[in-house]
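Subject: Two-chain model for you to look at

Hello,

Here is the model I promised to pass on.

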Amino acid sequence: MFPEQLHYNVAPFIDRFVKWLVSAWGPFFDGLSNLVLQMLLHIEHFLKWLPWWAWILIVTLLAWRLTHNWLKTILPGVLIFTIGMFGLWEVAMETLGIVIIAVLISLVVGIPVGIAMSSSERVNAVITPILDAMQTMPSLVYLIPALMLFGLGKVPGVFATVIYALPPVVRLTNLGIRQVSREVQEAALVFGASRWQMMKEVRFPLAMPTIMAGINQTTMLALSMVVIASMIGAGGLGEEVLKATNRVAVGKGFEAGWAIVVLAIVIDRISQAAAKSWEPPQN
Amino acid sequence: MTDANCSDTLVEINGLWKVFTDRPVDFDLQYEDAMENLEDNGAVVAVRDVSFQVKRGEVFVIMGLSGSGKSTLIRCISRLVEPTQGEIIVKGQNVLEMDEQQLLEFRRYETAMVFQHYGLLPHRNVIENVAFGLKLRGVSERERNERARTAIARVGLEGWENHYPSQLSGGMRQRVGIARALVQETDLLLMDEPFSGLDPLIRREMQDTLIRLQKEVNKTIVFVTHDLGEAIRLGDRMAVMRQGQFVQQGTPEEIMNNPADEYVERFVADERALLSGKGRQPVYFPSKSRLTKKAKSTSPSAPLAAAGAEVK
């Protein structure tokens, strides 16, 4: 066995660090927590306020606008209808609320970080391993610090979800901007584009299809993490799955699982179609 | 530099060097030894002590084969490529001494450029592409659309304003590129092999368009090409470039009649053969001889003169 003398643990230091964070930065985390909670409640309130048929109508219209294909238009509405049919409408809206806010936070943080990575090799070299770590770490691990900093409930659920869902949008923003053709950038430069104009007029719009793919990935990951986050009290569909698992209620578990899949399919299809509308026109 | 002719010299380049290297260059470029030493260490000397002047309203053609440094040279003028040493004076301003903001203004108001690969914005339509430079200057949308329309008409693209680059042919894309440069109304126009990517018929047509436009707008043009025929057709004066150096400078006639060395002689013999092969008039359509030349010259080792001799 490994010699006893060489045993050394970093766990106590990390514990102490998190404890220090909680005590020294307590007010900050409280404020942050409050802010996120308020935003979340507003979004949730709105989602639940909108009647179910209005939802189906909106989704159907959106699908028609984006796809112009009648099967792809009908399907999302029908799928959403089944969520209500199983009596899971309200919890599905809770899940959707957390996904929306987690994605919003991810974009606000992720897109600027991606832009910074694309314009500096040094930033790129620092951030890339962090993203790698975020993606390889088991998602349950994020629950612990989120729990310590924000306690039980929806807010730590949101933060754990953000950490898990952030990497794709950062990576794909970076990639998309790096892929912008050198020739187009050179032309913009010679006509006197400032750094800001280059980003706003050339690099960002041309990277947009790739960035949209990143947003789509981030949304999908957020949805899958929200289910796990229900273990620390985030509520929503994940909680239904958890309850069903604990009681070995296979049927209930299926219904809740189905609702999650439906949300995933609908969000995925709509955001992919939206991404396509950003691509420059071909012949 | 400060002689009486200064006022009608628009561009003046003195002792320009561009060395591509991964370490800072701090050497005295005057010494041949220093250069050789540098090249042994993996540096590439793209532009080697080049000097020339371009007068207002003149078309100055830089001709050279690929890898001769001509594209690097033209990019130095607007500092898309940062020169290693030398002097670039445009309208009396030293371009290399400009700070970031001055350079931005210089690029916006004093130069415009046309590229071989067009460099159009794929997500913007023709009119937005043409008006792009004006947008960067902060011109209002109404005014820039109006001016863009005039420029589009000038290059013969009316009715295509709302099409996207991907919907246009190569020749039409380059017309957009030219319109985008013209709309800037700058004195100096830089053209980097603008017609090289086009097939011979269209190339001819575009050359004629440029000659017509030049009569109308009378710009000062620095034009880069690998085609001596094009250089002779378009240039008021020209330079032959090889391995970063100007081998010869002069009017096309001077170069045709008195090639400075064997290298230039090979080009000239080839071009002469082309012209005499089909009588005195310029070749308007790709005749057999022209095709023969193109086919031969694609192989880098085939001496150009040999191809010309065959046609004779």
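Before the strands come up, a word on terms: two strands pair if DSSP finds at least two bridges between them. Helices (H or I, at least four residues) and strands (E, at least two) are DSSP runs, numbered from the N terminus. Residues are numbered from 1 along each chain as its sequence is written, while chains are lettered from A and ligands numbered from 1 in the order in which they are written. This is a predicted model, in which local features need pLDDT of at least 70 and side-chain atom pairs count only at pLDDT 80 or more, while totals for chains, interfaces and linings use all residues.

Confidence

The model scores ipTM 0.79 and pTM 0.79. On pLDDT, the predictor's confidence in each residue from 0 to 100, chain B has a mean of 82, and 82% of its residues reach 70 or more. Two stretches of chain B stay under 50. Over residues 1-6 of chain B, where pLDDT stays under 50, the model has one contact beyond four places in sequence. Residues 279-312 of chain B also stay under 50, and there the model has 41 contacts beyond four places in sequence. By contact I mean two residues whose C-beta atoms, placed from the backbone, lie within 7 Å.

Chain A

Chain A has twelve helices and zero strands. Its C-alpha atoms fill a box of roughly 65 × 60 × 40 Å, taken along the principal axes. Of the contacts in chain A with a separation of 6 or more, 76% are between residues 24 or more positions apart. Buried residues make up 36% of the 283 residues in chain A. Here a residue is buried if 20 or more other C-beta atoms lie within 10 Å of its own, exposed if 12 or fewer, and partly exposed in between, with C-beta atoms placed from the backbone.

One loop residue to look at is A:Gly87, which sits between helix H4 (70-85) and helix H5 (89-119) of chain A. A:Gly87 counts as exposed because it has 11 C-beta neighbours inside 10 Å. The C-alpha atoms of A:Gly87 and A:Ala256 are 9.6 Å apart, although 169 residues separate the two along the chain.

The sheet in chain B

Chain B holds an open sheet of six strands, with the order E6-E7-E8-E3-E9-E10 and mixed pairing. Its edges are strand E6 (111-114) and strand E10 (245-250), each of which pairs on one side only.

What does strand E3 of chain B pair with? On one side, E3 (residues 59-64) runs parallel to strand E8 (residues 220-225), and five bridges join them. B:Val59 stands opposite B:Ile221 in E8(B). E3(B) also pairs with strand E9 (residues 237-242) of chain B, again in the parallel sense and over five bridges. There, B:Ile62 has B:Ala239 as its bridge partner. E3(B) is mostly covered, with six of its six residues buried. B:Val59, B:Val61 and B:Met63 point one way from the strand, and B:Phe60, B:Ile62 and B:Gly64 point the other way.

Other strand pairs in chain B

Strand E1 (residues 9-20) and strand E4 (residues 85-90) of chain B are antiparallel and share five bridges, with B:Val11 partnered by B:Val90. E4(B) also pairs with strand E5 (residues 93-94) of chain B, in the antiparallel sense over two bridges. In that pair, B:Ile89 has B:Asn94 as its bridge partner. The hairpin of E4(B) and E5(B) has two residues between the strands, and B:Lys91 takes a positive phi near 50° there.

Core and interface

A nonpolar core is a set of buried Ala, Val, Leu, Ile, Met, Phe, Trp, Tyr and Cys residues joined through C-beta atoms within 7 Å. Of the 143 residues in the largest one, B:Val130, B:Ala179 and B:Val222 touch the most other members. Helix H10 (residues 195-229) of chain A gives the most to this core, with 15 residues. Not counting residues up to four places away in sequence, B:Ala179 touches residues including B:Val130, B:Ile152 and B:Leu157.

The contact between the chains takes 19 residues from chain B and 18 residues from chain A. On the side of chain B, helix H3 (100-109), E6 and helix H5 (132-137) each supply at least two residues.

Best wishes
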